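Let's take a friendly walk through the charges and the backbone of one protein model. Have your viewer ready, and follow along section by section.

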Amino acid sequence: MKPRASKKIKLFVCGITPYDFAHLGHARTYLVFDAFAKYLRSKGLNVFYLQNVTDVDDKIIKRAKGLGKSWKEVSRTFEKEYLKDMKSLGISSVTKYARATEHIKEIISQVHRLLQKGYAYEIKDDGIYYDVKKFKEYGKLSRRTIQQAEDGVSRIDESIQKRNRGDFALWKFALPSWPSPWGSGRPGWHIEDTAITEKYFGAQYDIHGGGRDLMFPHHEAEIAQMEAISHKKPLARFWMHSGFLTIGGEKMSKSLGNFITIRDFLKNHPPRVLRLLFLKTHYRSPIDYSEKLVLQTERELERIDEFVDKLHEAHSMKHETKKRFKLQASRFTFYASRFMKAMEDDFNTPKAIAVVFDLIRKANPLLVKSVLEKKDAKQILE
């Protein structure tokens, strides 16, 4: 990606729906984008990393009823726990977390404009819906035809009165509710994202990220909404979708009940292990989680840590004995160049990590024999 002259990057990643504790599937997405944002900043880019919080939703309302609490109490409780988990994982790159309910004005504005432009319609006593047939390119991100897109039904768009099966809700006449020109209600799932990004980024921005499962229909809906409103293409210059985290071959999810919460994982393993486990696989590729994979990653991390300890020792040694070997500085420049080339190739972290282990293999024997120059040890540490 070629940065603009201002070196400013606008990055949006779909956030959580806080109705339960976050699991490792969430951790994968947010660790990947944390590393990505930090990498871009290390290259001197000014990254505004925006993440939304879907703090009102059918799942939250259902959970609240089960617990005998208000939707807001449940939402705020699990949002707080989510932020605790992110801190525990060392995720600190997000510039702003934006709640849907704090952007109702912006959401209503977008729904109003879609109605004005003829892309939306009202179903009495139900809500405002987006007519996917009006947006001729619906399905272009996931490469689905409009007919295939008809199979896409998202969280709160099941009405039998819809014009097309694939139409989705922009505004639901349901509790909890906020006043609007069409009647009290609450936002649909997709509209909050474009309302939030339009407020902070405008009609277009650089990078949109999220889990692979959000490509359709969620991200398709975002494109349809914002491009219909602005008549500007594309909504985002680049799309990044993290692959599924599976367990026993099945996607890890709350609906299947096969998930491991972040906090449960951290009871037995340090957070750095999870970061390395995810980054040693390409962000777009699936990972099948197992304890065997975790233990293997722990050993790899130990190998890195042992190497770093040896480098510190070599760097702090006094020049009492004459060194018998000197590595050329160009050797390290070569490794750094390979590392950066991998990172700039669609954020290829597994290839970059392989370069690190290649360096360890080459330099370790010199450390064992105590023949590595002090300044070379310092350069490798850097």
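What follows covers the model itself, its salt bridges, a charged patch and some backbone details.

## About the model

This is a predicted model, in which local features need pLDDT of at least 70, side-chain atom pairs count only at pLDDT 80 or more, and totals for chains, interfaces and linings use all residues. Residues are numbered from 1 along each chain as its sequence is written, and side-chain values use heavy atoms, with hydrogens and water left out.

## Salt bridges across the chain

How many salt bridges does the structure hold? There are 27, where a salt bridge is a side-chain nitrogen of Lys or Arg within 4 Å of a carboxyl oxygen of Asp or Glu. One of them joins R76 to D55, with 3.1 Å between the closest N and O atoms. This pair connects distant parts of the chain, 21 residues apart: R76 sits in helix α3 (residues 71–88), while D55 is in the loop between β2 (46–53) and α2 (58–67). Helices (H or I, at least four residues) and strands (E, at least two) are DSSP runs, numbered from the N terminus. R76 is partly exposed at 21% relative accessibility, whereas D55 is buried at 0%. Here buried means under 20% relative accessible area, exposed means over 50%, and partly exposed is in between (1.4 Å probe, protein chains only).

Another salt bridge pairs E106 with K199, and their closest N and O atoms are 3.6 Å apart. E106 belongs to helix α4 (residues 104–116) and K199 to helix α6 (residues 191–201), so the bridge ties together parts that are 93 residues apart in sequence. E106 counts as buried at 17% relative accessibility, and K199 as partly exposed at 45%.

## Within a helix, and a network

R361 and D358 also form a salt bridge, with the closest N and O atoms 3.7 Å apart. Why are these two separated by about one helical turn? Because they are three residues apart in helix α12 (residues 349–368). R361 is partly exposed, with 48% relative accessibility, while D358 is buried, with a relative accessible area of 12%.

Salt bridges can also be followed through a network here, which links E81, K84, D85 and R263.

## A negative patch

On the surface, E302, E306, D309 and E313 come together in a patch of negative charge. Patches are made of residues with over 30% relative accessible area and no salt bridge, with like charges joined within 9 Å and nonpolar side chains (Val, Leu, Ile, Met, Phe, Trp, Tyr) within 5 Å. In the charge count, Lys and Arg are positive and Asp and Glu negative, while His and the chain ends are not counted. E313 is part of helix α10 (residues 291–316) and is exposed, with a relative accessible area of 53%.

## Backbone details

Most residues other than glycine have a negative phi, and most peptide bonds are trans. The bond from F216 to P217 is cis, with omega near 5°, and P217 lies in helix α7 (residues 215–230). A cis peptide bond also runs from K233 to P234, with omega near -5°; P234 is in the loop between α7 and β9 (236–242).

D125 is in the loop between β4 (120–123) and β5 (127–130), and is exposed at 68% relative accessible area. R143 has a phi near 60° too; R143 is in the loop between β5 and α5 (146–149) and is exposed at 78% relative accessibility.

Definitions and conventions
Areas by Shrake-Rupley, 256 points an atom, 1.4 Å probe, with all protein chains shown as cover. Charge placed at Lys NZ, Arg CZ, Asp CG, Glu CD.
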